[in-house]
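Please keep the sequence and the view at hand while reading, and look up each element as it is named.

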Amino acid sequence: MPVAYRRYRFPPLYGEPQQPEASQEEEQAAYSESLEQGYQDGLQQGHAAGLEQGRQEGLRLGMEQGIEQGRQQSLAQLRELQQNLADELRQWQSSAEQQWQQVSLSALHRQREQLCQLVEEVSRRVIRSELTLNPQQVLVIVEEALSGIDSRTQELQLFVNPDDRARLKEIGITECQGWALHEDAALAPGDCRIETETLTLEALTEERLQKGIARVARSLESSDEPA
């Protein structure tokens, strides 16, 4: 509660006109007016200070929220980038493995084909050399073919390659199991053909060779399979 006061008046100087002394009510009114003015001034100043403080606090909070949002967005983008890089790496690794397997299989197939070709070439040379040095080998082929013919057959003709027949004739062989050997230029060295009244049977060296090469290829394929 405000305390009432009374303003002190100095006495007038000599010759100065006497001023009437203010009443207590006037002094109280002046004090109340001054107090009200001070209150209003303080209220305005406090309001202004509050506004400034609120503005500063709002700026601070807005900046903190903006920084946090930016950090969260950056983290999300970083995680997305990491995921994309991981996916691309897995795809590249899978593609590289598939390409390597294809290259390995392709190289393996080429090696297998080259080996089969080598076996075939060597086999042909061995067959030619064997037929040249030992023409009786032709008779082995002919006898194998005759084993599939009915023994009751009355008419039968044997045909061989002309060079084979000539080499056999040089060593005194002109027949096989009592059947005369005839020439047929269409037959390759080592081949023979048997003709009867009911069937024709051929024993071809090339066919036998290809069957042997196929067995070699299957053996190579089985050796390539994982245990």
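Predicted model: local features only at pLDDT ≥ 70, side-chain atom pairs only at ≥ 80, totals over all residues.

Strands β2 and β3 run antiparallel and are joined by two bridges. The chain holds four helices and five strands, and from the N terminus on its elements follow the order α-α-β-α-β-β-β-β-α.

- Most residues other than glycine have a negative phi. Gln 177 is a residue other than glycine, yet its phi is positive.
- Gln 177, in the loop between β2 and β3, counts as exposed because its relative accessibility is 54%, which lies over the 50% cut-off.

**The sheet and the helices packed on it**

- The five strands form an open sheet with mixed pairing, and their order across this sheet is β2-β3-β1-β4-β5. The edge strands, each of which pairs on one side only, are β2 (175-176) and β5 (200-203).
- Strand β1, made of residues 156-160, pairs with strand β3, made of residues 179-183, in the parallel sense and over three bridges. In this pairing Leu 158 stands opposite Leu 181 of β3, while Val 160 stands opposite Glu 183 of β3.
- Helix α2, which spans residues 137-146, packs on the sheet and touches β1, β2, β3, β4 (192-196) and β5, with its direction making about 35° with that of β4.
- Helix α3, which spans residues 162-170, also packs on the sheet, where it touches β1 and β3, and its direction makes about 130° with that of β3.

**The nonpolar cores**

- The largest nonpolar core has 18 residues, and those with the most contacts inside it are Val 142, Leu 146, Leu 158, Cys 176, Leu 181, Cys 192 and Ile 194.
- Two or more residues of this core come from each of the elements α2, β1 and β4, and α2 gives the most, with six residues.
- Another core, of five residues, lies apart from the largest one and has Cys 116, Leu 209, Ile 213 and Ala 217 among its members.
- In helix α2 the buried residues are Val 138, Leu 139, Ile 141, Val 142, Ala 145 and Leu 146. These residues lie on the same side of α2, because the arc that they cover around the axis is only 160°.

**Asn 161, between β1 and α3**

- Asn 161 is placed in the loop between β1 and α3, and it counts as buried because its relative accessibility is 7%, which falls under the 20% cut-off.
- The side chain of Asn 161 reaches the backbone nitrogen of Asp 163 at 2.9 Å.
- When residues up to four places away in sequence are not counted, Asn 161 touches Asp 184, Leu 187, Ala 188, Pro 189 and Asp 191.

**Glu 195, in β4**

- Glu 195 is found in strand β4, and it counts as partly exposed because its relative accessibility is 26%, a value between the 20% and 50% cut-offs.
- The side chain of Glu 195 makes a polar contact, at 2.9 Å, with the side chain of Arg 193.
- Glu 195 and Leu 158 are 37 residues apart along the chain, and their C-alpha atoms are separated by 6.8 Å.
- Among the residues that Glu 195 touches, not counting those up to four places away in sequence, are Glu 155, Gln 157, Phe 159 and Thr 200.

**The chain as a whole**

- The chain has 227 residues, of which buried residues make up 17%.
- Of the contacts in the chain with a separation of 6 or more, 66% are accounted for by residues 24 or more positions apart.

Note on methods
Residues numbered from 1 in each chain as written. Heavy atoms only, no water. Pairing = 2+ DSSP bridges. Contact = heavy atoms within 4.5 Å. Axes fitted to C-alpha atoms, helices over the stretch in contact; angles between N-to-C directions. Buried < 20%, exposed > 50% of the residue type's maximum accessible area, 1.4 Å probe, protein only. Polar contact = N/O pair within 3.5 Å; in protein donor to acceptor, adjacent residues only side chain to side chain. Core = buried A, V, L, I, M, F, W, Y, C linked by side-chain atoms within 4.5 Å. Arc of directions from axis to C-beta.
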